Amino acid sequence: MLKVACIGTGGIIGAHMPGWEKSPDAEVVAGVDPNAEHLKAWGEKHGINRLHERVEDVLSDPEVDIVDICTPNRFHAPLTVQALEAGKHVLCEKPLVPTVAEVRQIIDARDKADRLVMTAQNFRFLDKSVALKHLVDAGRLGEVYHSRAWWLRRGAIPTRPGFLLMEQAGGGPCIDLGVHVLDLTLHLLGHPKPVSVTGTAVTKLANKPGAWSEWGGKLEDPAAVDVEEFAAGMVRFDNGSTLVLETSWMLHHPTRGNGDVAIWLYGDKAGAYFGDDSDVKILETDNDANHFRDTIVRPMDTHLGGHAVECIAFAKAVREGAPSPVPPEDSLAVIGVLDGLYQSSRAGREVPVVL
């Protein structure tokens, strides 16, 4: 069995643990967190007693094969590089890193270490994502010339510093939520190369007195929110296709809780919808182009969420010596677009995507 150490035990790691526990190839043996309270509670819940407050304690352990990084975004790059240099395979929560330069740094470190790195883009591993990918690859939509992707929350801004402070998060919903729907859209489309982006990233509601979130109640210090609450942009690709991306934590949009999530793909044969429900919808016309029909595709339900499946898939790839299920090269385009959107917002114009 491959041995796994989890770095960061107070947040998203809870969604990873079911996957590690079901993996036939790996088991979690250790955890690291500077917050002793989180660390102890996590260890007791999962029966793990090798608990450390220093990353070096697990990276120097020759028994550890894989590290699962679940820290705030700004710590992803140094921890991933450090783990690779210690000879570990790395599964890192999304976004892999906030900048293209850091993705390049990780690719270099991976190549030198000859280890696998995977970005935990859990949306790819949902049953409906797999079903839609098969349909797109089979040519059901024809040439996809435009796409729309959004994740919009009305009043669900995370209230922890790891999300609200630029020095820890590297951005707001653009990089927190946008990374999910953008990565899945590019994956479905076969990874076209983005060439330019125009966008905006603003905060209009979260910094008002009395600002409130479904995820944590009243914001203690709205003035301390130094990331955007809303971001939107349009991307152009080298094949001539376009994509509109929208994300928000706070927006006067009719939704609650986790928000309104959707991806639309528009092809010259058919369109496709991926949304909050469990089904995929295909929209087509018949041969004389006068009659419309919608087809509902009901994917097989594996009863496992994307977070669980991604952990199982990564351990399997490490065990078999297979390629990474989500290599950092895929994150290069995603982060290039998101970073470009921020640059465009600051410049007030369209900017090239530099990869």
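**Entry 1: Gly267**

I started at Gly267, which sits in strand β13, residues 260–267. For the labels I use DSSP runs numbered from the N terminus: helices are H or I of at least four residues, strands are E of at least two. Before going on, I noted that this is a predicted model, where local features need pLDDT of at least 70, side-chain atom pairs count only at pLDDT 80 or more, and totals for chains, interfaces and linings use all residues. Residues are numbered from 1 along each chain as its sequence is written, and side-chain values use heavy atoms, with hydrogens and water left out.

Is Gly267 buried or exposed? I found Gly267 buried, at a relative accessible area of 13%. Here buried means under 20% relative accessible area, exposed means over 50%, and partly exposed lies in between, with a 1.4 Å probe and protein chains only.

Next I looked up the neighbours of Gly267. Leaving aside residues up to four places away in sequence, Gly267 touches Leu141, Glu143, Val144 and Tyr145; contact means heavy atoms within 4.5 Å. Val144 is 123 residues from Gly267 in sequence, yet their C-alpha atoms are 3.8 Å apart in space.

**Entry 2: the sheet that holds β13**

I then followed β13 into its sheet. This open sheet has nine strands in the order β16-β15-β14-β13-β7-β12-β11-β8-β17, with mixed pairing. Two strands pair if DSSP finds at least two bridges between them. β16 (292–297) and β17 (351–352) are the edge strands; each has a single partner, so one side of each is left without a neighbour in the sheet.

Ala201 has Ala231 of β11 as its bridge partner.

Helix α6 (residues 127–137) came next. Its buried residues are Lys128, Ser129, Ala131, Leu132, Lys133, Leu135 and Val136, and they pack against α10, β13, β14 (270–274), β15 (280–285) and β16. After α6 comes Gly139, with a positive phi near 85°.

**Entry 3: α10 against α12**

How do α10 and α12 pack? Helix α10 (residues 178–188) meets helix α12 (residues 328–347) at an angle of about 130°, with the axes 10 Å apart. The axes are lines fitted to C-alpha atoms, for helices over the stretch in contact, and angles run from 0 to 180 degrees between N-to-C directions. That makes α10 oblique to α12: under 35 degrees counts as roughly parallel, over 145 as roughly antiparallel, 65 to 115 as roughly perpendicular, and the rest as oblique.

From α10, the contact uses Val179, Leu182, Asp183 and Leu186; from α12, Ala333, Val334, Val337 and Leu338. I sorted these residues into seven nonpolar, no polar and one charged. In this scheme Ala, Val, Leu, Ile, Met, Phe, Trp, Tyr, Cys and Pro count as nonpolar, Asp, Glu, Lys and Arg as charged, and the others, Gly among them, as polar.

**Entry 4: the six-stranded sheet**

I moved on to another open sheet, with six strands in the order β3-β2-β1-β4-β5-β6 and parallel pairing. At its edges I found β3 (51–52) and β6 (117–120), each with a single partner strand, so one side of each lacks a neighbour in the sheet.

Inside it, β1 and β2 pair in the parallel sense over six bridges, and Ile7 stands opposite Val32 in β2. β2 is mostly covered, with six of its seven residues buried. β4 (residues 66–69) and β5 (residues 89–93) are also parallel, over four bridges, with Asp68 opposite Leu91 in β5.

Two helices lie across β1, β2, β4, β5 and β6: α1 (residues 13–22) runs at about 150° to β4, and α11 (residues 306–320) at about 165° to β5.

Helix α4 (residues 76–85) is mostly covered, with seven of its ten residues buried. Those buried residues pack against β1, α3 (56–59), β4, β5, α5 (100–113) and β6.

Most residues other than glycine have a negative phi, and most peptide bonds are trans. I went looking for exceptions.

The Lys94 to Pro95 peptide bond is cis, with omega near -20°; Pro95 is in the loop between β5 and α5. Asp114, in the loop between α5 and β6, has a positive phi of about 55° and is exposed at 63% relative accessible area. His191, in the loop between α10 and β8, has phi near 60° and is partly exposed at 34%.
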